[in-house]
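Hi,

I'm passing this one over to you, with the sequence and the structure just below. Could you have a look, and then read on for what turned up?

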Amino acid sequence: MSSDPAQGQLTFQWLKLKEDGLEGSLSDNLGLRVHRAISWGQQAELHMAANDHDAAFIFFWIAFNAAYAEDKGDTPETTERHNFEEYFGKVLQLDSGQAIYNAIWDRFSNSIRVLLNNRYVFQPFWSHHNGVPGHENWEALFSARWDMVKRALAAQDTEIIINTLFDRLYVLRNQLLHGGATWNSSVNRAQVRDGARIMAFLTPIFVNLMMDHPDIPWGANYYPVVEP
């Protein structure tokens with residue numbers, strides 16, 4: 001099959017065809033990871049086509065979760081930030097075609113900049129407003145993080161930007177999945193819409209890179225298929 005999807009954007013529909021062509025050549029672990037991600041990603045694309053950005057974002061996030069999350073057994077639980085850093089460290093090294101780089105610096109540069117300078121997807125802001133002790137200085141912390149982002153933007157440091165981006169998207173994910181937002185609300189519409197569009201573009205790239213590099217250790221799946 002062609003390695004160049006139409007219009008330069010990977011889709012989960014296209015990845016499903018690729019998965020079918022690779023049947024039996026991926027390890028059971030990676031095959032399950034990819035299969036799950038594609039199944040959720042295809043549903044996300046249907047919701048994107050219907051302009052249901054809330055549902056699309058949630059389904060894209062589940063697809064992303066299926067791709068990156070790994071069961072580390074009895075080791076102490078790590079933060080999602082740490083898990084993101086490990087995963088993005090892998091995929092960025094494998095991205096020889098610079099698809100991730102181009103998405104961040106060309107296609108979505110303005111949307112990403114707006115998201116990273118949005119206090120409503122900055123967890124310390126919400127922790128302070130919910131009365132959680134130790135977050136009174138959220139404004140200073142937000143300013144310091146934004147200064148870091150600006151330096152990374154100036155240096156085109158993709159790793160810092162993508163880790164910070166998904167740290168903010170994780171807050172948006174929590175708002176939606178924990179019932180902290182209203183469906184199709186005008187209050188958070190811009191970040192949900194932009195988040196869904198960014199996830200729609202980047203998540204298939206991640207899965208495609210994993211399929212192209214089956215020799216990389218992607219870790220054990222959560223909840224593997226267990227025969228009765």
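Let me start with Trp126, which is partly exposed at a relative accessible area of 28%. On this scale, buried means under 20% relative accessible area, exposed means over 50%, and partly exposed is in between, computed with a 1.4 Å probe on protein chains only. Phe125, by contrast, is buried, with 5%.

Before the rest, some ground rules: this is a predicted model, where local features need pLDDT of at least 70 and side-chain atom pairs count only at pLDDT 80 or more, while totals for chains, interfaces and linings use all residues. Residues are numbered from 1 along each chain as its sequence is written, and side-chain values use heavy atoms, with hydrogens and water left out.

Aromatics

How many aromatic pairs does the structure hold? There are 33 of them. For one of these, Tyr101 and Trp105, the ring centres are 6.3 Å apart and the planes sit at 55°, so the pair is tilted. For the cut-offs: rings of Phe, Tyr and Trp (its six-membered ring) pair if their centres lie within 6.5 Å, and planes under 30 degrees apart are stacked, over 60 edge-to-face, and the rest tilted.

Tyr101 and Trp105 are 4 residues apart in helix 5 (residues 99–107), which puts about one helical turn between them. Helices here are DSSP runs (H or I, at least four residues), as are strands (E, at least two), numbered from the N terminus. Tyr101 is partly exposed at 24% relative accessible area, whereas Trp105 is buried at 11%.

Back to the two residues I opened with: the rings of Phe125 and Trp126 have centres 4.9 Å apart and planes at 80°, so that pair is edge-to-face.

There's also a cluster. Ring pairs link Phe57, Trp61, Phe64, Tyr68, Phe84, Tyr87, Phe88, Phe166, Tyr170, Phe206 and Trp218. Phe206 is in helix 10 (residues 189–212) and is buried at 0% relative accessibility. Leaving aside residues up to four places away in sequence, Phe206 touches Phe64, Tyr87, Phe88, Val91, Ile100, Ile162 and Phe166 (contact means heavy atoms within 4.5 Å).

Salt bridges

Side chains of opposite charge can pair when their charged atoms come close. The rule used is a side-chain nitrogen of Lys or Arg within 4 Å of a carboxyl oxygen of Asp or Glu, and the count comes to 6 salt bridges.

Lys18 and Asp212 form one, at 2.6 Å from N to O. Lys18 lies in helix 1 (residues 12–21) and Asp212 in helix 10, so this pair ties together parts 194 residues apart in sequence. Lys18 counts as buried at 13%, and Asp212 as partly exposed at 40%.

Arg189 and Asp54 also meet in a salt bridge, at 2.9 Å, N to O. Arg189 is in helix 10 and Asp54 in helix 3 (residues 53–68), so here the parts tied together are 135 residues apart in sequence. Buried or exposed? Arg189 is buried, at 16%, and Asp54 is buried too, at 3%.

Arg193 and Asp194 pair at 3.7 Å, N to O; Arg193 is partly exposed at 27% and Asp194 buried at 12%. Finally, salt bridges with shared partners join Lys16, Glu19 and Asp20 into one network.

Cheers
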